[in-house]
Amino acid sequence: MGLKNLASSSILHRNHFRKDWQRRVRTWFDQPGRKLRRRNTRAAKAATLGVRPLQHLRPAVRGQTIQYNSRVREGRGFTFAELKEAGIARKAARGLGIVVDHRRRNLSEEGKAVNVDRLKAYKARLIVYPKKAGKPKKGDSTAEELSAATTRAAIPLPPSVLPEQPRKITTEERNFKAYRALRDARAEQRHAGAKKIRQQKKEEEEANKKK
């Protein structure tokens with residue numbers, strides 16, 4: 001019976017919608033047991049892999065858009081330029097627990113410097129065990145480094161904003177017009193191509209006059 005045919009005082013039909021509900025229910029009573037089994041599997045895998053970082057090293061990047069760019073978070077992977085400056089080979093990085101992203105590009109020197117320092121700090125802390133104890137290869141850690149105390153704690157992300165001590169506003173800062181400077185910079189960038197063409201034409205005309 002549809003809702004259109006119902007009067008104000010009509011009785012709703014008692015349709016048997018709850019019949020045989022047990023057959024249509026997915027139970028999850030083994031969830032605690034599965035959780036324990038997954039944890040034991042992870043512990044066994046970590047024991048077989050030996051001493052290695054608990055998680056991969058990822059770069060420090062800023063979020064997209066004005067709403068989130070004040071927050072520093074972990075990115076997908078390091079760029080080729082950052083690895084090169086830190087002295088780490090691309091193929092060797094993956095074996096050292098460093099994630100590489102071939103699509104990412106460095107848009108600022110400051111962001112690049114932060115990630116290069118992050119790589120160097122990780123490299124200084126890193127201990128590479130040789131495959132054969134008596135025959136270490138190039139890049140393996142020395143005997144002194146192997147016997148030194150180790151840590152598996154992750155390298156923390158840099159602070160989002162560096163605190164600055166309060167100070168007086170200078171006369172130059174007070175007279176600076178930020179909006180005007182931004183508009184002038186945008187206009188200069190927009191008309192740079194046309195200015196360059198006009199300059200070239202002027203130089204050509206002067207050169208033709210001299211001939």
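Visitor: Is Arg 42 buried or exposed?

Guide: Buried means under 20% relative accessible area, exposed over 50%, and partly exposed in between (1.4 Å probe, protein chains only). Arg 42 has 54% relative accessibility, so Arg 42 counts as exposed. This is a predicted model: local features need pLDDT of at least 70, side-chain atom pairs count only at pLDDT 80 or more, and totals for chains, interfaces and linings use all residues. Residues are numbered from 1 along each chain as its sequence is written, and side-chain values use heavy atoms, with hydrogens and water left out.

Visitor: Which helix holds Arg 42?

Guide: Helices are DSSP runs of H or I with at least four residues, numbered from the N terminus. Arg 42 belongs to helix H1 (residues 31-49).

Visitor: Where does Thr 65 lie, and what is its phi?

Guide: Most residues other than glycine have a negative phi. Thr 65 is not a glycine, yet its phi is positive, about 70 degrees. Thr 65 is in helix H2 (residues 65-68). With 52% relative accessibility, Thr 65 counts as exposed.

Visitor: Is Arg 118 buried or exposed?

Guide: The relative accessible area of Arg 118 is 6%, so Arg 118 is buried. Helix H5 (residues 109-125) contains Arg 118.

Visitor: Which residues is Arg 118 in contact with, leaving aside its neighbours within four places in sequence?

Guide: Contact means heavy atoms within 4.5 Å. With those neighbours left aside, the contacts of Arg 118 include Leu 57, Arg 58, Pro 59, Glu 74, Phe 78 and Ile 155.

Methods
Helices (H or I, at least four residues) and strands (E, at least two) are DSSP runs, numbered from the N terminus.
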